[in-house]
Amino acid sequence: MNSKPARKHRFAMYWASACGGCDIAVLNLHEAILDFAERFEIVFWPAVMDAKYADVEAMADGSIDVTLFSGGIRTQENAHLARLLRAKSAILVAFGSCANEGCIPGLANLATTDELLTAAFEGPSTDNPDHLRPSPAFRAPEGELELPALRPLLATLDQVVEVDYRVPGCPPESERIAEVIGLVGAALDGTATLPPRGSILGAGWSTVCDECRRDRNSKRIASFTRLPLLVSVDADVCLLEQGLPCNGPATRDGCGAKCPLAGAPCIGCYGPADGVADFGARLLSAFASVVDANEPEQIDAILDGLPDPVGQFYRFSLAGSLLRGAREAHR
Amino acid sequence: MNDLAAQSTYEPVILAFTCNWCSYRAADLAGTARIKYPPNVRLVRLMCSGRLDPMFVLKAFASGADAVIMTGCWPADCHYRVQNVKALRRFQLLRRVLERLGIEPARFQRVYASAAEGQQLAEAFTRIVDEVRPLGALNWGRAGALESGPKPAPEPENQAQQQVPA
């Protein structure tokens, strides 16, 4: 097993407000997981092995060589772990869409905490006659129990602590993860150098459109439609030109344009392309420019084909956007 | 921000993006003709309303602006042929997004003004300031919209979000 005499690099991975898909994407390395196990010693990774926060707290500052942090910061526990792992890690990587832009859980920033709790605990499918809500503190016969409190807004990792590198994607593609882990491992061995701090790893510098082989001709959209409503999707023509709201124009490349090449519009999971400060602003700009109408009423009629503009333009990036959420959630 | 003293002295901060060829000159004309409009409106000159990236508008709100005005040439008068029409389409789509995010339509308006329409531009600015003032401060910047970035944000340890049922 220990064929390498050198000290293994200490590796941690954590899930904050995440679905666990990023952890699965790392395990999806297949054979490359053997190289990974050879190079790295897992010191903390709740998805795959038992660990206690106290073990992490006992570690020396900076003693974890690299931490992949997936998930947004939804609860005080998430924030605590973000600060803890920041202190203990030499390299902290915001891993996956949640840690970078908030992802789907970030859409909760459209509602107040109270609305969220009502939806979760008193929704139509929930039987809760006593109107119980989770409470941060509870006195049980055995003693005081605590639940981490929700924060008013879901935050991205870099809104809470400093981040060294970012790996986008929901989840990041496993072959790109293998590249990133290979590069970080080599850098820790001293045989490679990492790009400047703050850089994106495991993705490109352009847009999904750049990776997509569909033909782009005339950019005029007379009406927006949805995939189920389309009789057939032209196999060779740009999906946006066919009226499908495709998020490729604003989304960072790196995934291989898998969705549009399979006939499904890009949903934007790789986050904003290089130099894009606000994903939604860039995308709505791209969509609006090709709307085939010049009069306000006609423009509105075409825009009605986008019934949920915030969901379309900020599906993965609301928490990381300039406004971060709806006004009521900020209060 | 809700106390009465602050309300009574509240003046909205309004950013107006102007086109180099028409509305900026209209504002200039208003100046040389000594036509007054409220000082709440701060001008930013662009080469064309088509240059108004929706990101500028979002950044203005996130940085504390209470309203944003997009001004430009009348349709068919654009120095760059059709860019003001593209700006119109973006305006209408962005307004839908802003509305869903809780920013009232009155806080994001558009005004057409040719280089000769200094009077009309000043009147439009006056009207918009009067419409925005009763809406009160947006205060988005204070809500922490700009805490992202390289510096770690000051973390308010607000525990009072979850309530035990009464």
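Helices, taken as DSSP runs of H or I of at least four residues, and strands, taken as runs of E of at least two, are numbered from the N terminus. On this basis chain B of the predicted model follows the pattern α-β-α-β-α-β-α-β-α when read along the sequence, with five helices and four strands in that chain. Of the 166 residues of chain B, 47% count as buried, and among the contacts in chain B with a separation of 6 or more, 82% are accounted for by residues 24 or more positions apart.

Within chain B, helix 2 (residues 23-32) has as its buried residues B:Ser23, B:Tyr24, B:Arg25, B:Ala26, B:Ala27 and B:Ala30. The cover over these buried residues includes strand 1 (14-19), strand 2 (41-46), strand 3 (67-72) and helix 5 (118-132) of chain B. Just after helix 2 of chain B, the backbone at B:Arg34 takes a positive phi of about 55°.

In chain A, an open sheet of five strands is found in the order 2-1-3-5-9, with parallel pairing. Strand 2 (40-44) and strand 9 (165-167) of chain A stand at the edges, and each has a single partner strand, so that one side of each is left without a neighbour in the sheet. From one strand to the next, the twist averages 30°. Strand 1 (residues 9-15) of chain A runs parallel to strand 2 of chain A and is joined to it by four bridges; A:His9 stands opposite A:Phe40, the latter in strand 2 of chain A. Helix 4 (residues 76-88) of chain A packs on this sheet, where it touches strand 1, strand 3 (64-70) and strand 5 (89-95) of chain A, and its direction makes about 135° with that of strand 5 of chain A.

Elsewhere in chain A, A:Leu283 is found in helix 10 (residues 279-289). A:Leu283 has 29 other C-beta atoms within 10 Å, and because the threshold for burial is 20 or more such atoms, A:Leu283 counts as buried. When its neighbours within four places in sequence are left aside, A:Leu283 is in contact with A:Asn247, A:Pro249, A:Ala250 and A:Phe313. One of these contacts, A:Ala250, lies 33 residues from A:Leu283 along the chain, yet the C-alpha atoms of the two are separated by 5.3 Å.

The contact between the chains takes 44 residues from chain A and 37 residues from chain B. On the side of chain B that touches chain A, the elements that give two or more residues are helix 3 (54-62) and helix 4 (83-100) of chain B, and helix 4 gives the most, with 11 residues. By residue class, this side of chain B divides into 20 nonpolar, eight polar and nine charged residues.

In soluble globular proteins, nonpolar side chains tend to be buried together. The largest nonpolar core in the model has 140 residues, and those with the most contacts inside it are A:Phe69, A:Ala82, B:Ile14 and B:Phe61. Helix 4 of chain B supplies the largest share of this core, eight residues. As for B:Ile14, its contacts beyond residues up to four places away in sequence are with B:Asn40, B:Val41, B:Arg42, B:Ala65, B:Asp66, B:Ala67, B:Ile69, B:Ile128, B:Val129 and B:Val132.

Definitions and conventions: Residues are numbered from 1 along each chain as its sequence is written. Chains are lettered from A and ligands numbered from 1 in the order in which they are written. This is a predicted model: local features need pLDDT of at least 70, side-chain atom pairs count only at pLDDT 80 or more; totals for chains, interfaces and linings use all residues. Two residues are in contact if their C-beta atoms, placed from the backbone, lie within 7 Å. Ala, Val, Leu, Ile, Met, Phe, Trp, Tyr, Cys and Pro count as nonpolar, Asp, Glu, Lys and Arg as charged, and the others, Gly among them, as polar. A residue is buried if 20 or more other C-beta atoms lie within 10 Å of its own, exposed if 12 or fewer, and partly exposed in between; C-beta atoms are placed from the backbone. A nonpolar core is a set of buried Ala, Val, Leu, Ile, Met, Phe, Trp, Tyr and Cys residues joined through C-beta atoms within 7 Å. Two strands pair if DSSP finds at least two bridges between them. Axes are lines fitted to C-alpha atoms, for helices over the stretch in contact, and angles run from 0 to 180 degrees between N-to-C directions.
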